[in-house]
Amino acid sequence: MPKLLRLLASFLCALPGLAAAQGAVVETAEVRAELVAHAPQGIGPGRQVWLGLALRHQPHWHTYWRNPGDSGLPTKLRWTLPPHVSAAEIEWPTPVRLPVGPLVNYGYVGSLLLPVPLTLGTGFAGASLDVRLHAEWLVCKEVCIPQSGEFVLNVPADRPSIAHAQAFARARESMPHTPTGATASARVDAQVLAIEVNGLPPSWHGRALAFFAEDAGVVDHAGRIEQRWDGARLSIRVPLSAQRSESPATMRAVLVAPGERAGIALGFAVNGAWPSIVQATPAPATTALPAADATSWGLALVLAFGGGMLLNLMPCVFPVLSLKVLALAAHAGDRRWLAAGAFAYSAGVVLSFVLLAAALLVLRSAGMQLGWGFQLQSPPFVTALVLLFTVIGLNLLGVFEFGAVLPGRLVAHRAHHPLVDHALTGLLAVAVAAPCTAPFMGVAIGVALTRPAFEAIAVFAALGAGMAAPLLALGLWPAFARRLPRPGAWMVHFRRSMAFPMFATVVWLVWVLGQQVGLDAAAALLGFLVALAFAASVFGAQGLGRAARLGWRAVAVVVLAVALAWAAPALFWATPANPGANAAPSTGWQAWSSEAVAGARADGRPVFVDFTAAWCVTCQYNKRTTLSDAQLLAEFDAKRVLLLRADWTRQDARITQELARLGRSGVPVYAVFPPGGMDTAPPRLLSEILSVAEVREAIRDWPSHTPPAQGTAGARTVP
Amino acid sequence: MKTLIRLGVLTLGLLAAGLALAQAAVGQPAPVFALTDLDGKAVKLTDYRGKHVVLEWVNPGCPYVQKHYNSGNMPTTQKSARARDVVWLAVNSTAVDAYDYRKPADLAAWLKTKDAVPTATLMDVDGKVGRAYGARTTPHMYLIDPQGKLLYSGAIDSIPSSNASDIKSATNYVDQALGEALAGKPVSKPTSQAYGCSIKYANAG
């Protein structure tokens with residue numbers, strides 16, 4: 001009932017044309033508005049005179065800044081002034097961010113004053129300054145109510161008006177200012193506005209600043225803004241709105257340090273071409289996919305099968321698999337049991353791949369720009385994998401047994417359904433294999449995603465079949481199984497040693513997370529892992545009395561809860577690291593953009609593009625070996641090859657599109673564009689396990705332009 | 001070894017988690033969806049392949065929606081579009097627990113009193129479709145071409161205000177984009193800043 005009354009009241013207030021107040025105050029249920037003046041020297045030509053609209057919002061209500069953000073409208077003032085008097089624009093105080101669900105608005109809560117400086121010409125000679133104002137504002141809580149008011153004010157000319165001096169002084173204090181020496185420059189980098197700021201006050205250095213774009217219709221107001229301090233220089237990366245409506249040559253923005261009332265206003269020119277507002281649709285797969293044409297569906301099936309087999313050797317899968325093999329080998333005598341177990345496991349593997357493929361296809365058809373490996377672009381998913389691998393590792397070490405933790409009924413249930421158990425092992429194997437995309441899989445999956453759904457799913461099923469094949473063979477031909485070593489005490493040691501590949505995988509995943517969200521998040525996660533290990537050791541402890549056991553367990557739960565509360569902010573609400581961090585440190589490499597490729601090709605320069613991601617093992621291997629080879633880099637330099645790195649560590653629709661154009665859907669991909677302009681052949685794609693010889697062969701015929709720098713090892717290798 | 005299995009179940013859940021929705025972009029395929037209309041009938045965007053489709057985010061409680069309905073501007077634009085064989089889908093992404101949520105029957109009655117003629121009015125109470133399109137305000141308008149590509153995203157017209165008297169001097173961006181698209185011309189104003197009330201999305205989304 002009170003809800004209904006409130007609603008009714010809202011609608012009554014929303015009726016157009018509020019009762020026109022014959023005075024300086026208009027009051028609604030949500031806001032009190034007053035027209036005020038500040039004239040410390042009285043009114044006269046050349047004197048300093050301000051008018052202002054003072055707004056006092058009811059709790060939780062707000063009005064908007066000059067750029068209101070995702071919704072809302074800025075307050076508008078329309079003046080009627082005597083002759084020889086003119087009003088400037090509103091001097092907007094520093095706004096605050098107002099999140100509304102997934103949207104973000106910029107505006108004001110509480111009390112504020114919107115000051116407007118007046119200019120009085122020499123012709124002005126009244127006994128008082130008679131002002132009329134028509135003001136429109138939109139006041140919102142959850143509900144938005146457009147309101148307006150008519151205001152009349154007579155300011156006496158012969159004496160100072162200072163009754164509101166404090167309010168004007170406060171407004172001045174909260175107005176964004178530009179300190180001398182503060183400068184900014186910006187460039188458009190794909191769908192990101194990259195801003196460099198210098199000369200901010202030293203007390204601001206290293207702090208996370210709030211960012212407000214003054215221009216509407218350019219940036220994604222709710223998007224995650226990345227900031228990196230490099231001494232006194234601040235780099236900010238602001239995502240552009242997917243539905244950007246403006247492409248300004250110069251922009252203005254306000255930065256605010258936490259706790260400061262006044263922000264710093266900066267104007268900057270925007271360098272580089274804005275991406276087209278109408279984003280070109282990637283050409284249909286059938287016309288622009290040289291790789292897909294060359295690779296038939298049958299070949300894709302074969303490659304997928306081979307890639308799946310290789311997955312068994314990946315460091316995160318091998319421990320799970322090898323122990324599975326040993327468990328089966330223990331029953332080598334019972335042929336039927338062995339075969340049934342192997343089939344159940346294989347069914348689990350193939351089904352998991354098919355489900356994963358179906359999920360990917362459904363999400364893509366819903367318009368999402370995703371590719372293979374998409375799971376690892378999500379920091380929460382990487383975090384979850386870290387926890388999973390840690391728990392598995394601790395279990396392999398024998399720190400605890402699941403039986404001791406799970407309710408007895410579950411354990412009994414499992415024992416009754418060993419086949420379900422095998423199938424679930426298959427599922428687990430697929431889950432842990434996800435981070436390790438094997439070579440050969442790139443081509444197969446790229447082809448799969450350009451095919452009709454049935455053929456695509458068949459390719460993924462082949463991948464699963466390949467992964468399951470070695471174990472299935474073992475189950476079907478006990479001769480293989482009999483070759484395996486006999487079970488014995490050595491298995492305990494083997495199981496323990498298998499914990500270490502798991503921990504190695506954890507190290508790598510924490511590094512990936514560090515690339516995605518920063519060092520603080522990685523440290524927070526490591527801290528949480530310590531608490532997790534402690535809890536596991538407590539729950540796995542043997543031979544304690546009932547009271548001691550309960551006591552220790554209570555301590556462990558508290559430690560876990562405290563660690564979670566401590567780690568969660570850094571993990572989930574951290575300012576993410578610069579996504580270019582993975583690409584930046586290597587000299588000679590620049591961030592990829594399709595404009596950079598087009599620009600270089602228009603100049604006749606050859607281009608080498610490394611499509612990579614921190615979570616892609618093969619990518620990192622190639623980056624540290626072949627692509628760091630001094631001779632090769634010197635050769636690139638001599639041939640003026642533009643080296644571009646497309647970092648797909650986090651989701652990036654433009655990179656996904658470019659991969660699709662090349663007929664791929666995952667990384668690594670190495671594309672070489674020969675010199676000689678735009679019309680030459682499409683890029684050549686090199687193999688996923690990149691060798692120096694292969695790259696040198698690919699660029700052998702390209703002309704050398706400048707001799708490489710003196711002392712470079714590669715000077716002699718140029719043919 | 002068998003003891004690891006419980007984790008498999010957990011892991012399957014994780015594989016599906018952590019996916020952020022991509023925002024629709026003009027020039028790209030518009031996100032496809034299936035929603036139910038006010039009678040509970042299923043409506044899919046792909047049902048209308050081969051025709052131009054207008055999407056209109058609507059919420060009767062919003063003064064900006066009222067501006068365009070009470071003045072007759074939105075119904076007139078709908079009629080003019082339908083007369084040219086264009087499909088018009090009104091979408092309501094207001095969360096069920098928002099104070100101005102309307103039940104389908106109430107919404108239908110309200111639309112009837114305004115002489116509104118959308119092809120269908122769709123309920124998106126979990127906000128998934130609204131989020132996929134990046135719809136921010138009511139109204140927020142989109143135009144999709146017969147191949148399913150997004151042609152326009154933004155405001156209904158060029159003057160962001162709550163005054164109905166501004167409508168006659170404003171450019172109706174949806175009408176303009178439709179005219180150009182139907183004449184086979186590129187849309188001259190493919191994006192604009194939508195204005196109006198924030199959409200009250202459900203939390204989970």
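Me: Where is Q28(B) found in this predicted model?
Reply: Look in the loop between α1 (6-16) and β1 of chain B. As the model is predicted, everything here is computed.

Me: Why is Q28(B) called buried?
Reply: Count the C-beta atoms around Q28(B): there are 22 others within 10 Å. The cut-off for buried is 20 or more, so with 22 the residue Q28(B) counts as buried.

Me: How far apart are Q28(B) and G148(B) in sequence and in space?
Reply: They are 120 residues apart along the chain, and their C-alpha atoms are 8.6 Å apart in space.

Me: OK, what makes D85(B) exposed?
Reply: D85(B) has 9 other C-beta atoms within 10 Å. Exposed means 12 or fewer, so D85(B) with its 9 is exposed. You'll find D85(B) in the loop between α3 (73-83) and β4 (87-92) of chain B.

Me: And why does R640(A) count as partly exposed?
Reply: R640(A) has 17 C-beta neighbours inside 10 Å. Buried needs 20 or more and exposed needs 12 or fewer, so 17 lands in between and R640(A) is partly exposed. R640(A) sits in the loop between α20 (630-638) and β21 (642-647) of chain A.

Me: What is the phi of R640(A), and what is that of D85(B)?
Reply: Phi of R640(A) is near 50°, and phi of D85(B) is near 65°. Most residues other than glycine have a negative phi. Both values are positive, and neither residue is a glycine.

Me: How do you know that β1 and β5 of chain B pair?
Reply: Count bridges. Pairing takes at least two, and β1 (residues 34-37) and β5 (residues 120-123) have 2, so they pair, in the antiparallel sense. In this pair, D37(B) stands opposite L122(B).

Me: Which strands make up the open sheet they belong to, and what makes a strand an edge strand?
Reply: The sheet has 7 strands in the order β2-β1-β5-β4-β3-β7-β8 of chain B, with mixed pairing. The edge strands are β2 (42-44) and β8 (150-154), and each pairs on one side only.

Me: How do you know that β10 and β11 of chain A pair?
Reply: There are 13 bridges between β10 (residues 128-140) and β11 (residues 144-156), and the strands run antiparallel. Pairing asks for at least two bridges, so 13 is enough. A hairpin through 3 residues joins β10(A) to β11(A), and V139(A) stands opposite I145(A).

Note on methods
Residues numbered from 1 in each chain as written. Chains lettered and ligands numbered in written order. Predicted model: local features only at pLDDT ≥ 70, side-chain atom pairs only at ≥ 80, totals over all residues. Helix = DSSP H or I, 4+ residues; strand = E, 2+ residues; numbered from the N terminus.
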